[in-house]
Amino acid sequence: MISIDPNDLSERENYKFLIGSIIPRPIAFVTTVASDGTLNAAPFSFFNIVSSNPPLISISVQRKNGKRKDTARNIVETKEFVVHVVDEAIVHQVNETAAMLPANESEIALTNLTVIPSTKVATPGIKEAKVRLECVLERVIELGGDHHNGCDLLIGKVVHYHIAEGLYNQGRIEHEGLGAVSRLAGSNYAKIGEVFSIERPE
């Protein structure tokens, strides 16, 4: 067993260790609206469920040179966002939105994805996503320190679900039809693969 102190690693080395170890990670494709009305879209794999009652999810957005990225800034300003579950059918187009564009240019223009109005928030969603979650900001937690690093942990309350026809059966999501993909390290992604069941003890 190799033992490593994170303080002995560079920021990049810590990043590579974590994203290579904590796998697979679900991917949140997040849409937000900037103060000038620009629709911002970006994928994040530091993403998960926080609570089911109330329905809360979290997204962690790393800062760049200590400054909030567009997604985090927009969420803090507008108090809302839409999260889309990334699946096999849209993953390549979602990847295009990871490009570094000026804040006043929409990443959606790089794709063939279709913008669709939301039901309970002003931020639009993406029609092609099989699951999308309309969210309002529950809390933002600033973490990690000095002007060179840090991140914004954004906790959102889900106020409306949208699920593609045929995926929602007796209160459950059919994972085969969803075809969600997950993030590994580097340029690698993973499909669901083999599924096995283990009963929880009483």
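**Reading the sheet, the helix and the cores**

Q: In this predicted model, which residues is Val30 in contact with, leaving aside its neighbours within four places in sequence?
A: Val30 is in contact with Asn40, Ala41, Ala42, Phe44, Ile59, Thr71, Ile75, Phe81, Val82 and Val83. Contact means heavy atoms within 4.5 Å, so each of these residues has a heavy atom within that limit of one in Val30.

Q: What makes a nonpolar core, and which residues touch the most other members of the largest one?
A: Such a core is a set of buried nonpolar residues, for example Val, Ile, Phe and Leu, joined through side-chain atoms within 4.5 Å. The largest has 23 residues, and those touching the most other members are Val30, Ile57, Ile59, Phe81, Val83, Leu133 and Leu154. Two or more residues come from each of E2, E3, E5, H2, E6, E9 and E10. E9 gives the most, with four residues.

Q: Which residues does the second, separate core include?
A: Ala41, Ile108, Ile126 and Val181 are among its 14 residues.

Q: Why are E3 and E4 called edge strands?
A: In the order E3-E2-E6-E9-E10-E5-E4, with antiparallel pairing, these seven strands form an open sheet. E3 and E4 (47-52) each pair on one side only, and pairing needs at least two DSSP bridges; therefore they are the edges. Neighbouring strands of this sheet are turned by 35° against each other on average, direction ignored.

Q: How do you know that E9 and E10 pair?
A: Two strands pair if DSSP finds at least two bridges between them. E9 and E10 are joined by 12 bridges, so they pass that test, and they run antiparallel. One example is Val131, whose bridge partner in E10 is Ile163.

Q: What does helix H2 pack against, and which of its residues are buried?
A: In H2 (residues 70-78), the buried residues are Asp70, Thr71, Ala72, Asn74, Ile75 and Val76; each therefore has under 20% relative accessible area. They pack against strands E2, E3, E5, E6, E9 and E10. H2 lies across these strands, running at about 55° to E2. Just after the helix, Lys79 takes a positive phi of about 65°.

Methods:
Residues are numbered from 1 along each chain as its sequence is written. This is a predicted model: local features need pLDDT of at least 70, side-chain atom pairs count only at pLDDT 80 or more; totals for chains, interfaces and linings use all residues. Side-chain values use heavy atoms; hydrogens and water are left out. Buried means under 20% relative accessible area, exposed over 50%, partly exposed in between (1.4 Å probe, protein chains only). Axes are lines fitted to C-alpha atoms, for helices over the stretch in contact, and angles run from 0 to 180 degrees between N-to-C directions.
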